[in-house]
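Hello,

Here is the structure I promised to pass on. Have a look at it, and then read my notes below.

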Amino acid sequence: MSGPAVTGPGAPTVGRTGGDEPDASADPRSQRRFRTMAVLLLAGPVIWSTHFMVVYLQAEAVCDSRAADDEVLGVAVASAVTIVATVVALVASLAFTRGAWQRWRRGGGGWNEVPPARRTGPAAEPETPLALVGVMLGVVFSLAIAFTGLPAVVLTAC
Amino acid sequence: MTVLDEPGRPGTAEPTPTVEQPETHAELDRLWADPPGLWGRLRAVQNDAIGKRLLFTGFFFLILGGSVDSVVMRTQLARPESDLVSAGLYNELFTNHGSVTMFLVILPIFEGFAIMLLPLLLGTREMPFPRLGAFAYYTFLFGGLLYYSSTLFQAVPNAGWFAYTPLSGPDYSPGLPLDFWVLGLGVAEVGAIAAGAEIIIGILKMRAPGMTLSRMPMFAWAMLVTSFMIMFAFTTLIVGSLLLELDRGFDMRFFDPELGGSTLLWQHLFWIFGHPEVYIQFLPAAGIVSMALPVLARRRLVGYTWVVGSLVAIGFLSFGLWAHHMFAVGLPPLVLGFFAAASILIALPAGVQIFAWVATISAGRPKITTPFLFILGFLFIFVIGGITGVMVAAVPFDLQAHDSYFVVGHLHYVLIGGVGFPIFAGVYYWFPKFTGKMLGERLGKLNFWLLFIGVNVAFFPMHIVGLMGMPRRIYTYPKGQGWDLWNMISTIGVYIIVPGIGVFMLNVLHSWFRGRPAGNNPWGGDTLEWAVPSPPAEHGWSVLPIVHSRHPLWDQDSLSQGEARLEHFVRGLAGWPLRWRAAVIVRTGDAQPEEVFRVGGPSIWPLVTAIGMVAIFASELFHQRWGAGVGALVVVIGVIGWNWPQDAPMTEEEELAFEAEHGVPVHGGGSEVVAQWGMALAMLFVGVAFSAFLLAYFYLRLDNDAWPPPGIPMPSLLVPVLSTVLVLAAALAMHRGVRRIRAGDQGGLKVGLVTTLVLGAAAVVVQGRQATRLGFSVSEHAYGSIFHTLGAFVLATVVAALVMALLALFWAWRGYYTPRRHVTVSTTARFWTATVAVWVVGLGTLHLGPYLT
């Protein structure tokens, strides 16, 4: 992980600031930017949750119905629906992850908040670290979507 | 010299920003204090008081249900074929032990931590709804006492802490015991949700200027995620408990397989709550560790963003695990696969957190103090509990270990290691802040070692004896199974834990009165709470801090310097207004001041409302159903008194003058922003409850071949269409009323409200009348049970919206509303929008469902 060396309370600090930094957050557009950020942050988890409930509920419904033993193109109905839902969710999740990635790169791409003492130049967009969280969540939940859908490829459906 | 050798050493930033005149500080302190005397204490709402009460009451229940029960149970199991307690008493003991620790101990302790700490951590003066906090405490206390009063009636619940049907149903558990379980804990669950709503809004909207989300202390992140989880999980449990009580007390058939019900429906509803509950307990603990560990290791937390991501990821993933408690009930293989996948996946974010903490320790310069020891103990024990968790996430292994002592060992490693140890770390870490005294180190270390050794000795052998085949929840066992030695060792472990808790209590008492003075910042902490005196003033902050960093006390020379307009604002607010309790709302994203509003003061109404609430539940318990009506009336009166509009403490001109000078609007009469958020969370609560009812409807539908069952006609469509038109028109009239008052037309508002009331009431009458003429009852089949219950929920939502509109009309008649002050009208209109959605989807499901499925 890159980033500045950190300091503890006992360590010497260099030119700490009292807060005379330019305040990027006073930007009137920041509310709108924040809403976009919130969407990018939570898109992965929300898509996974939706995907999970869809594949679970349809599996319960199909396995409880007369279609339990039916097949589509040689694949059990419950498994086929799961595979399709998984592909759709995966594409959506990766698209949002890419959006979060671009947002993070635009914000400077740092891994850590730069302490005031070490900031040079104008302060970065204050919510850039949230974009990074959005990338991480996007990756984890894309993996989660794939992993949740995987049983449809290897297990008997009902 | 290390920081820890210097108790009382201030942080690197200057201590509490102070106002120029000391008398202003004293005036603020007086203004925010609770009134004295017994009457004053009953009306107390101040966050310190409520937080401490929650903590102490949680610990009280821990001693009662966590310790006493476990000592008796382990003594019984120390030897084979022991007859110390009977099978019946043993059932009561393990039910009580699980129920109390899961419902009445850990959550109140963490909500207590949050309500006490957050205003200081976040740099604000109070929580957004102090009266809701008081209400949450009283409901939790009364719920706990109602539950425990079962012992007075010799009717102690005995069906286990997850009360599986049909064992917990009317046939196998007749009488009071299970009613005490459902209803007593139900009251406490209401309190958990109330406190959760307060915490969410407090974290998102009440922070120091400049404290953006990505600068928030980790405990705030953890409590934010946790509180959202509480809203989803506890609401589902309340619906599940309601259905169980309807089966038990009203002869309904939700869980009766012979008449269309499903016993598995209870398991689903319970575990949709029950598994997230484990993480609801773990995440605050992770937050405490993420706060204390970096300070004690004197190193910024490694991977702040990674840990934030992990908290959010766990929050979501934990809702996809519930059926891993049901692997043995016969779910389709594909479904087993889904839940196993999610259960294994959650190890990923949990592992990220562990690595972040270990990396912080290895990169830091820790000194081995008691809270640090508890964190090390947490890491050691929780990792073992986590790994055994991944083992039981694998279906084939789970089928072997299911309902064995292996699971008991696993869950105690997770809950004691992952939750108990961080609680102790948190108490040792923050005790100085709230008492001004350090907890003793020598007793602290003894406390730690007794608990650490005791926990491992008690619970590790349970894994072994579980794998050897010993089932959980048996009151005794025969000789010669090879279990004797391991059980004896486990019992010895519990005997080591008990004095460990005793040493902790002794340490707290001794240190409270005779502990070393702590000073503002004994640990050299980085977060805002360490800038204020120990113990803090009632209002916490005279001058609100301005934040530029995640570690303000390590990175900032001053907490009162920043952008000129912010400095001017916080200085302005320090000396003004001194006759009402002003707090600041910030924008969620960038933490810029958005509004100044008046926080609710001391009031008896939260207590009255809680008494009404408990009366509703108790009346069902004792089958005096008229009492529910009285209780509901008390609740309505309590809520009206609670929200009775006070005269605005200043004129609109004075508010506008402050806004003109500081650029931040003032709403002394009531916050627009907080009201909007409060209403949004109320709608979330209604939405989650509604979803749980829908889940129950469709689950029962899947479980029945014929829907409706033979002999019950298909539902009609004409009446629901008519009533839907009426509700839609009522909501439109409500919104029109809001538009009229915004334009200054008070008469238009009144017309809108009256129209809403007439049309809404007509819809309720039309739909209610139809419900009485359906020709089938709640008792003949699960179809009737869910049809009437879901229908009643939809009607109740509209009735609640009508009560709100009626109150708004009352105040409109008294000329209370102006174009600037009409917050209750706009929130009522929002609730009507949600009501329309519930009405359309609810009635659509009931009346179209049988045709479409």
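Helix axes here are lines fitted to C-alpha atoms over the stretch in contact, and angles run from 0 to 180 degrees between N-to-C directions. Helices are DSSP runs (H or I, at least four residues) and strands likewise (E, at least two), numbered from the N terminus. This is a predicted model, where local features need pLDDT of at least 70, side-chain atom pairs count only at pLDDT 80 or more, and totals for chains, interfaces and linings use all residues. Residues are numbered from 1 along each chain as its sequence is written, while chains are lettered from A and ligands numbered from 1 in the order in which they are written.

Let's start with a helix pair. Helix 23 (residues 718-742) and helix 26 (residues 823-852) of chain B have axes 9 Å apart and pack at an angle of about 165°. They are therefore roughly antiparallel (over 145 degrees; under 35 is roughly parallel, 65 to 115 roughly perpendicular, the rest oblique).

Next, helix 21 (residues 652-662) of chain B. Its buried residues are B:Glu655, B:Phe658 and B:His662 (buried means 20 or more other C-beta atoms, placed from the backbone, within 10 Å of a residue's own; exposed means 12 or fewer; partly exposed is in between). On the other side of helix 21, B:Glu653, B:Ala660 and B:Glu661 are exposed. Just after this helix, B:Gly663 takes a positive phi of about 75°.

Finally, B:Arg43 sits in the loop between helix 2 (37-42) and helix 3 (47-77) of chain B. B:Arg43 counts as partly exposed because it has 19 C-beta neighbours inside 10 Å.

Happy exploring!
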